Amino acid sequence: MKRQTKTKIIVIAGPTATGKSDFAVAVAKKINGEVISADSRQVYTGMDIGTGKITVREMHNIPHHLLDVITPKKTFTVAQYKKLADKKIREITKRGSVAIICGGTGFYIDTVTTGQTLPEVPPNVALRKKLALLSTTQLFEKLKKLDKNRAENIDKNNPVRLIRAIEIATALGHVPALSKSDLGKYDVLYIGLTLPDEVLKQNIYKRLHKRIKAGMVKEVEKLHASGVSWKRMDDLGLEYRYIAHYIQGKNEIEKNKNISKKESAKLVKQLLTETLEKLNTEIWHYAKRQKTWFKRNNDIIWIDPRDAKQKEVVVEKVKEFLN
């Protein structure tokens, strides 16, 4: 009886602002690869600048998948991601190419690579009503007690995700870590991109201000005009939450007829500065949570993306792995 071999895939992971997308394209060129995005917000249409979605030009003719999958008016789940990612891996492999999963959403990556089956937990209306009365801090503390691992990689300021996570943890109890024998149908080579904290902080700061100049505020205004509510924007987190708050505050200032145009402009400018400071801090905290999540995986080969030699060595490791 012929032994069934596992499909080989590459994972390029790590915290935000480490250059994963560019590196994935570089690797894909060397191995006839196609990239599958593992980003929980890049699946949404119209959310391009705020998520740092790779452009057609930056793709350099490398096929990319699971970008612009669904409207942000709807919620996209990790179960949906797993189903679509598995389908794309099959299609890519059938074409004789190599699937490269690239992104910073560790929960998405682990769900695919471990083959973990995600239980369908129906909404608990009574529990949701009770949880809706709690603050985000209280929700986060409750989740930490129920499922510490899930709490490590969740937006602790997002009440919708916190409530859903608590709902699942309440229904199922603590989900034990998967052992090696539980691994799924893929043979995976993990590559992680990492930078010193100070460098990563600078990258986050520079990238945030670059996105503002590129029109991130207009992008959020356009999403709202297309029917994405301010509440939904809040649920989408980080850039979309904070810029949505800024726009609403800006609108209130500009409607105030008791202040001059000069004073109004000054207050709006000050509001933007404060918003970016808060957002910069939140993105850094998110990056730290990502680092904590990925550190649990001892199979990841970590490299500094600034080091050309390290990148060359890891590309050779990829070729060896595939052959």
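**Briefing: sheet, cores and salt bridges**

The model is predicted, so local features need pLDDT of at least 70 and side-chain atom pairs count only at pLDDT 80 or more, while totals for chains, interfaces and linings use all residues. Residues are numbered from 1 along each chain as its sequence is written, and side-chain values use heavy atoms, leaving out hydrogens and water.

**Salt bridges**
- A salt bridge places a side-chain nitrogen of Lys or Arg within 4 Å of a carboxyl oxygen of Asp or Glu; the count by this rule is 20.
- Lysine 144 pairs in this way with glutamate 141, their closest N and O atoms being 3.5 Å apart.
- Both residues belong to helix H6 (residues 136–146), where three residues, about one turn, separate them.
- Glutamate 141 is likewise partly exposed, at 36% relative accessibility.
- Glutamate 254 and lysine 250 also form a salt bridge, at 3.6 Å from N to O; glutamate 254 is partly exposed at 46%, whereas lysine 250 is buried at 17%.

**Sheet**
- Strands pair if DSSP finds at least two bridges between them; E1 (residues 7–13) and E4 (residues 98–102) are joined by three.

**Nonpolar core**
- A nonpolar core joins buried Ala, Val, Leu, Ile, Met, Phe, Trp, Tyr and Cys residues through side-chain atoms within 4.5 Å.
- The largest has 56 residues, and Ile36, Tyr81, Ile89 and Ile101 have the most contacts inside it.

Definitions and conventions
Helix = DSSP H or I, 4+ residues; strand = E, 2+ residues; numbered from the N terminus. Buried < 20%, exposed > 50% of the residue type's maximum accessible area, 1.4 Å probe, protein only.
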